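The sequence and model are shown first.

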Amino acid sequence: MGSRTSGLYSALVKTVSRPALPHPCDSTYNPGNDLDLDQDPADPLKLLQECREVLINRPAQLQRAFIQTGHGDARQTIRVMQWNVLAQALGEGMDSFVQCPMDALNWAERKYLILQEILTYKPDIICLQEVDHYFDMFQPVLASLGYQSSFCPKPWSPCLDVENNNGPDGCALFFNHKRFQSLNTTHLRLSAMMLKTNQVAIIAALRCRATERAFCVTVTHLKARSGWEVLRSAQGSDLLRNLRNVAQRIETEEKTDTDVPLIVCGDFNAEPSEDVYRNFATSSLGLDSAYKHLSTDGKTEPPYTTWKIRPSGESCHTLDYVWYSHRAFDVNAVLDFPTAEQIGPNRLPSYNYPSDHLSLVCDFSFKDPALVSQ
């Protein structure tokens, strides 16, 4: 699978001299000042076409469709993407995808598969995990499209154990600055049993310019692997506490009597049977999972959000979620998942999909404020 020469970086982004990585989560990187607010954004359709030209020798992109839920005002839709993009260092160096050819993971082309996924669905807010090319790819390219962003690396990223790594991986949050105003950004190093852990989160308080409504968006990535269920539950409880505190602070600053709505995106590394899932579902914050809208009963999560084959065998699980304040937001649509036949017998990642996790994309709209206050 040969790579074609592209003008994406030469024509769009000046050579990026990656700054020294910040100290883990004590002074994290918020490049709002890197965004030229007066500059017209690049044309996303042209960039998408360029991605497709680079990927012309690869199999076609997985075809997915939005499922309309019949709720909410589509004219004021806020499209949110949740995605564990697979850190490049882990994909090539540690994750052992035994059915995925190494050539399919080469960064020269895989970065275009990632951009193609984002550009295809045109989210207003992007929440990513396992980002290890933030400074030299994600931030400059998405800034050129008008996204303001924030990055929080893991304190002890496993990427650093891989030779020729690109720095630590972490969580990144992007939002369209023409649609939203940044009010506040909080970076968390999640705690469990009073101890700091290696997992992080970003909470961004935003104001929707069209509606003047304030809300918070969160991205997180909880501890992986079986046997760590208690730790994940504790991390989730810590995140819920911090969400409550941040929301209350914004409510005070906004001088509002209503709760500040929340959207929480993450790779929870937890099936719906785990305590951390139940804690979010029963929280006093009034959260619900958007992807339950795909089910016929409205109560069931998708059968999988990640599907891979490792030396230990095939792994097909539901680990990724988009939680939202159901009293404040309507879910207008959710992006469905490709079938097993579409994914193929070698599963993910592959020549036509860059990560072992599938992206989740949801369309939200604010409910009538009069209904929210009741």
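Helices here are DSSP runs of H or I with at least four residues, numbered from the N terminus. The model is predicted.

**Helix 4**

Helix 4 covers residues 107-121, which is 15 residues. From its first C-alpha to its last it reaches 22 Å, close to the 21 Å expected at 1.5 Å a residue. Of its 15 residues, 13 are buried, so helix 4 is largely enclosed by the rest of the structure. Just after helix 4 comes Lys122, with a positive phi of about 50 degrees.

**Aromatic pairs**

Across the whole structure, a search finds 21 aromatic pairs. One of them joins Trp83 and Tyr353: the ring centres are 5.9 Å apart and the planes stand at 55 degrees, so the pair is tilted, since edge-to-face requires over 60 degrees and stacked under 30. This pair links distant parts of the chain, 270 residues apart. Trp83 belongs to strand 2 (residues 78-84), while Tyr353 sits in the loop between helix 8 (340-343) and strand 15 (360-366). Trp83 has 0% relative accessibility and counts as buried; Tyr353, at 2%, also counts as buried.

Phe215 and Phe329 form an edge-to-face pair, 6.1 Å centre to centre with 85 degrees between the planes. Phe215 is in strand 8 (residues 214-221) and Phe329 in strand 14 (residues 329-335), so the pair ties together parts that are 114 residues apart in sequence. Both residues, Phe215 and Phe329, are buried. They also belong to a cluster linked by ring pairs, together with Phe180, Tyr324, Phe364 and Phe366.

**Charges over rings**

| Basic residue | Ring | Distance to ring centre |
| Lys223 | Trp228 | 4.8 Å |
| Arg347 | Trp307 | 4.0 Å |

**Asn198**

Is Asn198 buried or exposed? Its relative accessible area is 14%, which is under the 20% cut-off, so Asn198 is buried. Asn198 is part of strand 7 (residues 195-208). What does the side chain of Asn198 reach? It comes to 2.7 Å from the backbone nitrogen of Trp156. Leaving aside residues up to four places away in sequence, Asn198 touches Lys154, Pro155, Trp156 and Ser157.

Key: Residues are numbered from 1 along each chain as its sequence is written. This is a predicted model: local features need pLDDT of at least 70, side-chain atom pairs count only at pLDDT 80 or more; totals for chains, interfaces and linings use all residues. Side-chain values use heavy atoms; hydrogens and water are left out. Rings of Phe, Tyr and Trp (its six-membered ring) pair if their centres lie within 6.5 Å; planes under 30 degrees apart count as stacked, over 60 as edge-to-face and the rest as tilted. Helices (H or I, at least four residues) and strands (E, at least two) are DSSP runs, numbered from the N terminus. Buried means under 20% relative accessible area, exposed over 50%, partly exposed in between (1.4 Å probe, protein chains only). A charge sits over a ring if NZ of Lys or CZ of Arg is within 6 Å of the ring centre and within 35 degrees of the ring normal. A polar contact is a pair of N or O atoms within 3.5 Å; within protein, one must be able to donate a hydrogen and the other to accept it, and residues adjacent in sequence count only if both atoms are side-chain atoms. Contact means heavy atoms within 4.5 Å. The expected span of a helix is 1.5 Å times one less than its number of residues.
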